Amino acid sequence: MGRDPRLTTHLALTARALGAERMFLEPPDPALAERVARISAAWGGSFAVEGVDDWRSVVRQFPGTVVHLTMYGEPLERVLPRLEGSGPVLLVVGGAKVPPNLYRAADVNAAVGSQPHSEVAAVAVVLDRLLGAPDGKRFRGARRRIVPQARGKKVVGAGSRR
Ligand SMILES: C[S@@+](CC[C@H](N)C(=O)[O-])C[C@H]1O[C@@H](n2cnc3c(N)ncnc32)[C@H](O)[C@@H]1O
């Protein structure tokens, strides 16, 4: 069974919404990157999806801590104190098959619970723990903004759509 392309889109949108600056995607998917760019243009911030031909060069050249998210890793709670205030963090998640040498290439292998689940959930939990609740400052330049409501939908901005 092939990978559901919606999952990669959900990964990008989740990373963006919870505060990531960019997503490196191997193999590149220009159509997906374009869809996410349109969403960022409307909803603000500078998040972008950057296609890469080889994940190894991204990991090797990253000027910070490389954290591979895997259910086999150290519990996130144990890893977090090492990441807080340590500079830039690259979260790496797998798709259908994770290359074994990623476990060695990463600075840290971290588990969000020692049970199998999803890369989208893992990224969401780690970003939430690292960055806290999103605030409007992350989404400067938005053309469209939600006004939170107890019931119903309110969106302000040019060309806002429901
Ligand atoms: C659905 S899993 C597939 C894993 C793949 N079958 C393999 O060879 O290990 C996709 C990705 O979700 C992430 N993931 C799943 N469960 C996790 C957990 N408990 N903690 C951290 N990351 C997790 C990992 O990044 C994993 O590579």
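Reader: By class, what is the make-up of the shell around the ligand?

Author: The shell around the ligand divides into nonpolar, polar and charged residues, where Ala, Val, Leu, Ile, Met, Phe, Trp, Tyr, Cys and Pro count as nonpolar, Asp, Glu, Lys and Arg as charged, and the others, Gly among them, as polar. The model is predicted, so to speak of local features pLDDT of at least 70 is needed and side-chain atom pairs count only at pLDDT 80 or more, while totals for chains, interfaces and linings use all residues. Residues are numbered from 1 along each chain as its sequence is written. The counts by class are 8 nonpolar, 6 polar and 2 charged.

Reader: Which element gives the most to the shell around the ligand?

Author: Among the residues closest to the ligand are Met71, Val93 and Glu119, a residue being near if its C-beta atom, placed from the backbone, lies within 6 Å. At least two residues of the shell come from each of H6 and S3, named as DSSP runs numbered from the N terminus (helices H or I, at least four residues; strands E, at least two). The leading contribution, 3 residues, is that of S3.

Reader: Why do the buried residues of H4 line one face of the helix?

Author: In H4, which spans residues 76–83, the buried residues are Leu76, Val79 and Leu83, whereas Glu77, Arg78 and Pro81 on the other side are exposed. Buried means 20 or more other C-beta atoms within 10 Å of the residue's own, exposed 12 or fewer, and partly exposed in between, with C-beta atoms placed from the backbone. Seen down the helix axis, taking directions from that axis to the C-beta atoms, the buried residues of H4 line one face because they fall within an arc of 65 degrees.

Reader: Just after H4, which residue takes a positive phi?

Author: The helix itself covers residues 76–83. Just after H4, a positive phi of about 75 degrees is taken by Gly85.

Reader: Is Leu25 buried or exposed?

Author: Leu25 is found in strand S1, residues 22–25, and, setting aside residues up to four places away in sequence, touches Thr8, Val49, Glu50, Gly51 and Val52. Leu25 and Asp53 are 28 residues apart in sequence, yet 8.4 Å apart from C-alpha to C-alpha. Because 20 C-beta neighbours lie inside 10 Å, Leu25 counts as buried.

How values were computed:
Two residues are in contact if their C-beta atoms, placed from the backbone, lie within 7 Å.
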